[in-house]
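Here is a friendly walk through one protein model. Have a look at the fold first, and then we can go through it piece by piece.

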Amino acid sequence: MVAASMGYKPNAAAKAFSTLKKKMVFGILLPSIGDLFFEDLIAGIWEAQRELEDYGVKIILKETSGYDVDRQLEEIDELLGEGITALGLLPLMDGRVARKIDSIVDSGIPVVTINSDIEDSRRNIYVGTDFKKSGNLAAGLMGLINPRARVLILTGSSKLLSHKLRIDGFYEKIEQRFPQISVIDTIECRNNNFTAYEGVKRAIEEHPEMDALYITAEGIKGACEAVSLHPEREIRIICFDDVNYVKEYIKEGKISATICQQPNRQGYEAVKSMFSWFANPDSFKQDSILMEGVIKICENI
């Protein structure tokens with residue numbers, strides 16, 4: 001349990017927080033509508049909240065869809081208007097969001113970035129994956145599968161640092177170790193399966209040399225459907241996460257490997273880090289809590 005691991009006895013700690021009148025309302029904002037990946041992450045959030053109920057921890061979760069910066073800023077303001085005392089969010093990569101985070105931190109409210117980080121902000125802590133390392137790992141897998149691959153990259157949004165770093169890490173490693181791998185194009189689908197389907201279908205038709213697909217975000221279903229239109233082409237696929245349909249695609253041989261990022265633990269640790277800030281601010285010195293990437297193939301799904 002979070003509290004036990006920090007050396008607190010429930011009754012004594014609850015009494016201490018009550019005496020100090022520390023209000024702990026954690027606002028969490030995620031672009032999770034329509035994205036199955038976030039189910040496990042949100043489950044981790046509620047798991048931690050249940051463990052901390054005796055300490056008066058309350059969570060307000062707001063879910064959105066898409067990557068609209070103005071919408072994200074509006075949702076942050078709504079959470080602040082509800083009196084939150086800590087903020088967790090998956091930030092969009094935009095200067096306005098960074099400046100908003102800075103102003104919140106300056107006001108004394110801690111900010112935790114979840115699953116994707118943001119550059120040039122003073123957020124307190126990031127909880128998630130080292131996405132550049134994940135990109136390195138994907139390149140290593142691609143090199144083992146086909147050291148001469150002609151790869152199409154399908155990404156979600158340039159507004160997410162996590163997606164950008166997965167691509168940067170992929171390029172970094174193929175340049176270092178697999179110079180005969182080439183990237184024929186990079187297309188963006190905004191985590192939309194229809195857009196992914198249309199983009200991958202067009203790329204396959206335009207690039208007869210394409211024999212590999214690296215998917216950095218959602219859009220996996222659409223991409224796999226497009227690939228299945230050409231059974232005569234052996235196109236190897238590497239993606240991320242192990243939601244149920246990805247597991248089925250791996251078992252069917254449609255996806256060669258996936259890299260998982262422990263979403264349940266991400267949600268759990270995000271809430272835990274907010275609680276730690278209130279329990280002992282002097283110990284709140286970590287810059288990040290990183291999950292290890294876990295490779296899954298047919299044999300360990």
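## Two strands to start with

Strand β6 (residues 150-155) and strand β7 (residues 182-188) run parallel and are joined by six bridges. Two strands count as paired if DSSP finds at least two bridges between them. The names follow DSSP runs numbered from the N terminus, with helices (H or I) of at least four residues and strands (E) of at least two. Within this pair, I153 has T186 in β7 as its bridge partner.

A quick word on the ground rules: this is a predicted model, in which local features need pLDDT of at least 70 and side-chain atom pairs count only at pLDDT 80 or more, while totals for chains, interfaces and linings use all residues. Residues are numbered from 1 along each chain as its sequence is written, and side-chain values use heavy atoms, with hydrogens and water left out.

Back to the strands: with helix α7 (residues 161-177), β6 and β7 make a right-handed β-α-β unit. Right-handed here means that, with the strands pointing away from the viewer, the path from the first strand over the helix to the second runs clockwise.

In the loop between β6 and α7 you'll find S157. Is S157 buried or exposed? S157 is buried because its relative accessible area is 1%, and buried means under 20% (exposed is over 50%, partly exposed is in between, using a 1.4 Å probe and protein chains only). Setting aside neighbours within four places in sequence, S157 is in contact with Y67, H163, E188 and R190; contact means heavy atoms within 4.5 Å.

## The sheet with β6 and β7

β6 and β7 belong to an open sheet of six strands, in the order β7-β6-β8-β9-β10-β12, with mixed pairing. Its edge strands, each pairing on one side only, are β7 and β12 (294-296). From one strand to the next, the twist averages 20°. Angles like this run from 0 to 180 degrees between N-to-C directions, and axes are lines fitted to C-alpha atoms, for helices over the stretch in contact.

Further along this sheet, strand β8 (residues 212-215) pairs with strand β9 (residues 236-240) in the parallel sense, over three bridges. There, L213 stands opposite I237 in β9. Helix α6 (residues 131-145) packs on the sheet, touching β6, β8, β9, β10 (257-260) and β12, and its direction makes about 160° with that of β9.

Helix α8 lies across β6, β7 and β8 and runs at about 160° to β6. This helix, α8 (residues 193-206), also has a helix partner: its axis and that of α9 (residues 220-228) come within 7 Å and cross at roughly 35°. The contact involves N193, A196, Y197, V200, K201 and I204 in α8, which meet residues of α9 including I220, A223 and V227. Also in α8 is G199, which is buried with a relative accessible area of 7%.

## The other sheet

Six strands form an open sheet in the order β2-β1-β3-β4-β5-β11, and the pairing is parallel. β2 (58-63) and β11 (288-291) are its edge strands, each pairing on one side only. Neighbouring strands are turned by 15° against each other on average, direction ignored. Helix α4 (residues 69-81) packs on this sheet, touching β1 (25-30), β2 and β3 (86-89), and its direction makes about 165° with that of β1.

| Strand pair | Bridges | Example partners |
|---|---|---|
| β6 and β7 | six bridges | I153 and T186 |
| β4 and β5 | three bridges | V112 and I125 |

## What sits inside

In soluble globular proteins, nonpolar side chains tend to be buried together. A nonpolar core is a set of buried Ala, Val, Leu, Ile, Met, Phe, Trp, Tyr and Cys residues joined through side-chain atoms within 4.5 Å. The largest one has 49 residues, and F26, I28, L30, V57, L87, V271 and F275 have the most contacts inside it. Helix α11 (residues 263-279) gives the largest share of this core, seven residues. A second, separate core of 26 residues includes L152, L213, A226 and V243.
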